[in-house]
Amino acid sequence: MGAGKIIKQLLLERNMSVKDLAEKMNIIPQSMSNKIYRDTFSYEEVVKIADILGCDVKIITRDTKKEFM
């Protein structure tokens with residue numbers, strides 16, 4: 001599942017709109033909507049969005065199961 005779909009699901013669960021998220025990210029709502037639709041987030045943006053939505057981002061290696069945050 002791409003970041004855009006995950007973000008849309010989290011927005012639903014948090015009762016937030018794309019406009020609310022855009023305001024917290026200091027970008028215009030249309031830009032946020034485009035990023036969600038096109039799934040064009042940088043890693044830094046994903047981390048910031050996760051923080052706004054009260055989530056953590058983890059990278060876990062497949063072989064050693066080592067976690068990075």
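This report walks through the fold, core and surface of the protein chain.

The model is predicted: local features need pLDDT of at least 70, side-chain atom pairs count only at pLDDT 80 or more, and totals for chains, interfaces and linings use all residues. Residues are numbered from 1 along each chain as its sequence is written, and side-chain values use heavy atoms, with hydrogens and water left out.

Let's start with the fold. The protein chain has 4 helices and 2 strands, running α-α-α-α-β-β from the N terminus. Helices (H or I, at least four residues) and strands (E, at least two) are DSSP runs, numbered from the N terminus. The C-alpha atoms fill a box of roughly 40 × 20 × 20 Å along the principal axes.

Inside, the largest nonpolar core has 12 residues, among them Ile7, Leu21, Ile36, Phe41 and Ile49. Such a core is a set of buried Ala, Val, Leu, Ile, Met, Phe, Trp, Tyr and Cys residues joined through side-chain atoms within 4.5 Å; buried means under 20% relative accessible area, exposed over 50%, and partly exposed in between (1.4 Å probe, protein chains only).

Leaving aside neighbours within four places in sequence, Ile7 is in contact (heavy atoms within 4.5 Å) with Leu21, Ile36, Phe41 and Ile49.

Over the whole protein chain, buried residues make up 20% of the 69 residues. Ile59, in strand 1 (residues 59-60), counts as partly exposed because its relative accessibility is 44%.
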